[in-house]
Amino acid sequence: MELLLTGISPSAVRVSFDKEFHPSCLETSIKKEYNTLFDLKKKRSINTEQWKLLFPSGGNPKSTSFDVPLMITLLRNLAKLTPPTCGYDHLPLSTDTTPTADLARIKYYRNELAHNKTAKIKSEFFATAWDNISEAVTRLGGQHMKEECKELRKSV
């Protein structure tokens, strides 16, 4: 599950991110939104390490260095996207397959795994989560990512 969430899903999220913030305009977009980003930093929605990625000393920001939480925070707060029905902080309904719901879905499962103190999950949760994440990755990143998810699943 961790490999799915840290290895494959960031690429799918990046596809959506790069559509909203094209790599050739990323630096300009970030600089234009400095005040909003600074407010997000004060609210601790963006941490110090993420801030350094947005404003690197000696170079331009690159989405390839951004993690899933940072990309979703930027999409959520800077892009003109319609939020999922249940918001970004809850697991979307299975019927909601919009891009923003898929972003929320990936964020939800990533947080579930990151805050799991026991490092154990029930097999039913694993199966449901794997399917939900794989489907979200496929919708966001394209059909080739479905194959990556299948290959990873075979190796588990």
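Residues are numbered from 1 along each chain as its sequence is written. Because the model is predicted, local features need pLDDT of at least 70 and side-chain atom pairs count only at pLDDT 80 or more, while totals for chains, interfaces and linings use all residues, and side-chain values use heavy atoms, with hydrogens and water left out.Helix α7 covers residues 123–141, where helices (H or I, at least four residues) are DSSP runs numbered from the N terminus. Its 19 residues reach 26 Å from the first C-alpha to the last, close to the 27 Å expected at 1.5 Å a residue, the expected span being 1.5 Å times one less than the number of residues. Among the α7 residues that are buried are F126, W130, I133, V137 and L140; buried means under 20% relative accessible area, exposed over 50%, and partly exposed in between (1.4 Å probe, protein chains only). The buried residues of α7 pack against α1 (2–20), α6 (99–114) and α8 (143–155), and just after α7, G142 takes a positive phi of about 110°.

Q50 lies in another helix, α4 (residues 48–54). Leaving aside residues up to four places away in sequence, Q50 touches S45, D67, P69 and L70, a contact being heavy atoms within 4.5 Å.

| Residue | State | Relative accessible area |
|---|---|---|
| Q50 | buried | 7% |
| C25 | partly exposed | 39% |
| C149 | buried | 2% |

The structure holds 0 disulfides, a disulfide being a pair of cysteine sulfur atoms within 2.5 Å.

Conventions:
Helices (H or I, at least four residues) and strands (E, at least two) are DSSP runs, numbered from the N terminus.
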